[in-house]
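Please view the sequence and the structure together.

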Amino acid sequence: MAVINIGILGLGTVGSGVMNIFQENRERIREYTGVDIQTKKVLVRNMSKPRDTFFENGTLTADPQEVLNDPEIDIIVELMGGIEPAFSYVLQAIENGKHIVTANKALIATHYEELFKTASQNGVEIRFEGSVGGGIPVIDTITARLAGNRIDEIVGIINGTTNYILTRMSKDGMGFEEALKLAQDKGFAEADPTSDLNGQDVSFKLAILAAISFGIGIEQKDIPYEGITKIAEDEISYAMESGYTVKLLATARKREDKLEIYVHPTLIPNHHPLAAVSNEFNALFIRGNAVGELMLYGKGAGSLPTGSAVVGDILDIVKLKRKSAKTGSRPIANKEDLRIIGEDTGSYYIRLQVIDEPGVLGAITTVLGKNGISIASVSQQALGQKDVPVIFVTHKVKREKLDKGLEELRELKDIVKEVACILRVEGY
Ligand code: HSE
């Protein structure tokens with residue numbers, strides 16, 4: 001099997017996620033690309049730090065030149081963050097003919113034009129899916145899947161740390177500091193969380209989204225931004241009492257020949273789809289002139305979600321380089337040995353129409369209990385009619401057990417007039 005070598009710059013939160021994914025999904029990645037992807041060199045700050053991943057002797061190095069100048073490395077994966085020295089390293093790698101994958105929003109937002117100009121002069125690819133929205137494929141969606149659209153508006157929650165803090169403040173009544181500490185412990189926040197909290201991180205991401213959505217060179221410094229540092233309990237209480245949720249929104253909206261673009265904390269009505277985006281989750285609402293309204297939702301930060309975006313970019317470049325790989329094959333991500341089992345287990349809502357007499361509920365619950373169907377809640381919705389609806393919600397149960405129990409209930413013809421409706425209950 002052919003080998004493609006990658007070099008990684010930086011083995012922090014995202015770098016470790018990438019290594020985990022390669023380890024865990026090695027076989028499916030080989031199957032998908034037809035290539036063995038090997039991590040040839042990894043630039044680290046501290047050579048003696050204990051690590052979860054096993055590396056062959058000589059893989060880890062503290063010298064960037066060993067990675068950038070290795071003639072066997074095809075793809076450089078930049079996961080250091082910050083503008084310098086990342087920018088110099090990436091430029092050097094491009095000039096050495098290496099493809100680039102990066103999750104570095106500050107780098108892309110600041111040097112977008114120059115990076116792509118140099119890449120095109122050197123015939124190499126740059127991918128940066130992990131720079132916005134963590135694991136959510138926002139860049140690929142806008143640049144490839146929506147390429148046939150004119151994009152008119154993008155509005156999003158694109159910082160996991162602030163969304164996590166606002167969620168903890170509203171849902172748990174937590175203080176700002178305590179919530180921030182939790183976000184840091186979970187690996188969502190930047191090393192210095194200032195840029196998460198003051199909205200700058202969002203402005204970098206918005207600059208990238210605007211550049212790819214509207215095809216204009218827009219710099220982060222041209223985007224006004226305000227973060228969440230002034231939000232106190234008062235704002236949270238007001239929002240809760242008035243049917244609103246506080247969210248830090250990134251907005252870019254076309255107004256005829258103008259582009260409104262800003263980052264601002266915002267009260268959004270609870271019925272707005274973005275109000276339901278909680279914890280470290282991100283979401284991006286996009287309006288295109290062909291697709292209409294679209295919303296992407298997922299984990300916007302963290303080791304594995306962002307690692308997932310980075311690995312996707314690496315595989316994209318590998319597939320591009322290996323034009324011979326599986327041309328004309330069906331577009332499936334993985335081939336798995338799966339047994340189709342239809343509906344397996346679930347929680348269920350069951351509405352029975354029953355006669356309203358003593359002992360009816362007892363008879364029904366006896367049948368359900370005998371069949372191993374555990375009841376989570378029960379309610380009778382009406383009184384004094386001939387047949388009344390009784391609604392059960394069950395705990396998780398195998399569908400075949402449920403069906404057997406319901407069959408026995410149908411036999412209690414004197415009391416159960418009808419098994420009227422069955423719904424699955426998700427997230428119960
Ligand atoms: N600090 C960022 C966040 C990480 O909280 O969303 C992903 O860019």
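A polar contact is a pair of N or O atoms within 3.5 Å; within protein, one must be able to donate a hydrogen and the other to accept it, and residues adjacent in sequence count only if both atoms are side-chain atoms. The model is predicted: local features need pLDDT of at least 70, side-chain atom pairs count only at pLDDT 80 or more, and totals for chains, interfaces and linings use all residues. Residues are numbered from 1 along each chain as its sequence is written, and side-chain values use heavy atoms, with hydrogens and water left out.

| Residue | Protein atom | Distance to a ligand oxygen atom |
|---|---|---|
| Gly 160 | polar backbone atom | 2.7 Å |
| Thr 161 | polar side-chain atom | 2.6 Å |
| Lys 205 | polar side-chain atom | 2.9 Å |

Of the 260 Å² that the ligand exposes when taken alone, the protein buries 92%; these accessible areas come from the Shrake-Rupley method with a 1.4 Å probe. Residues around the ligand (a heavy atom within 4 Å of it) include Lys 105, Asn 159, Phe 188, Glu 190, Asp 196 and Ala 301.

An automatic or database domain assignment divides the protein into domain 1 (2-135 + 303-322), domain 2 (138-299) and domain 3 (344-425). Between the C-alpha centres of domain 1 and domain 3 the distance is 56 Å.
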